[in-house]
Amino acid sequence: QEALAGRSGAEVIDDYNGNEVLSVYSPLELPSGIRWGIIAEIDMVEVDIPIIALRDEVIWIAAVIAVLVAGFALLMALSIANPIARITQLAQQISKGDLEQRVDIKQEDEVGMLAAAFGEMTDSLKEKANVADRIAGGDLTVQINPASEKDVLGHSMVNMVDALQRLNREIDKLVQAGVAGRLEVRGQTEGFSGDYAQIIQGVNNTLDAVINPVNAASRVLDEM
């Protein structure tokens, strides 16, 4: 009736068998003013088949993509978490004074750069520890090269070696003067601080304690 009335359209209706169908209709104008109605119908079950198939395909594709993304994310997380855990363990060992530990991570990313930086830091600390051991053994000829202007430990060790060398030269001066009989020579405390100055002052006091009685006895003998 709609088609015969000159209208086109599509509706979901029940056919003569009671099945739900998609009905599409349109008028067809013939000569002599004759109008026919064209109707095409298809069961809704058939209409839904490609839709359901497409829906299922989309769901499967989405599921596969989700699994791939999750797997990739897990691999990325492990590639970051595991090295970070090893670097953390290394840092803990270094904090306890163990400089023999190494972390072997070969990655061309930020984690690899972090591991390399930790390796350089460990090597620097190990080098300074060896220098400190040589100083403790009395070797004041060691050369210390601070890593940068902000290398606090390196510059502190340079200052320490310099102070010890100056202290050694001052004590050696007193020894040489004593051997030469110049017992009036005293060490200079200027330029030293703390225990270094006290060591020189202590040597001076010791010389005074020895020389003063000798000078007094010498004066008595001269008066006799």
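Before the first selection, one cut-off: a residue counts as buried when its relative accessible area is under 20%, and as exposed when that area is over 50%, with partly exposed in between. Keep in mind too that this is a predicted model.

Stop 1: Select residues 44–95. That's helix α1, with 52 residues. From its first C-alpha to its last it reaches 74 Å, close to the 76 Å expected at 1.5 Å a residue. Now show the side chains of M44, P83, I87, L90 and I94: these are the buried residues of α1. What do the buried residues of α1 pack against? Colour β1 (9–14), β2 (20–30), β3 (34–43) and α2 (110–136), and you have the partners. Before moving on, click on G97, which follows α1 and has a positive phi, near 90°.

**Stop 2: the sheet.** Keep the strands coloured and hide the rest. You're looking at an open sheet of 3 strands in the order β1-β2-β3, paired antiparallel. β1 and β3 are the edge strands, each pairing on one side only. On average, neighbouring strands here are turned by 30° against each other, direction ignored. Zoom in on β2 and β3, and you'll find 10 bridges joining this antiparallel pair. For a landmark, pick L28 and look across to W36 in β3, which stands opposite. Then bring α1 back: the helix lies across β1, β2 and β3, running at about 60° to β3.

- Start with R55 and D56, whose closest N and O atoms are 3.2 Å apart. R55 is partly exposed at 47% relative accessible area, and D56 is partly exposed at 32%.
- Next, select K126 and E100, with the closest N and O atoms 3.1 Å apart. This pair links distant parts of the chain: K126 sits in helix α2 and E100 in the loop between α1 and α2, 26 residues apart. K126 has 31% relative accessibility, so it counts as partly exposed, while E100 is exposed, with a relative accessible area of 56%.
- Finish with E170 and K173, where the closest N and O atoms are 2.6 Å apart. Both lie in helix α3 (residues 152–179), 3 residues apart, about one turn of the helix. E170 counts as buried because its relative accessibility is 12%, whereas K173, at 32%, counts as partly exposed.

Terms used. Residues numbered from 1 in each chain as written. Predicted model: local features only at pLDDT ≥ 70, side-chain atom pairs only at ≥ 80, totals over all residues. Heavy atoms only, no water. Helix = DSSP H or I, 4+ residues; strand = E, 2+ residues; numbered from the N terminus. Expected span 1.5 Å × (residues − 1). Buried < 20%, exposed > 50% of the residue type's maximum accessible area, 1.4 Å probe, protein only. Contact = heavy atoms within 4.5 Å. Pairing = 2+ DSSP bridges. Axes fitted to C-alpha atoms, helices over the stretch in contact; angles between N-to-C directions. Salt bridge = Lys/Arg side-chain N within 4 Å of Asp/Glu carboxyl O.
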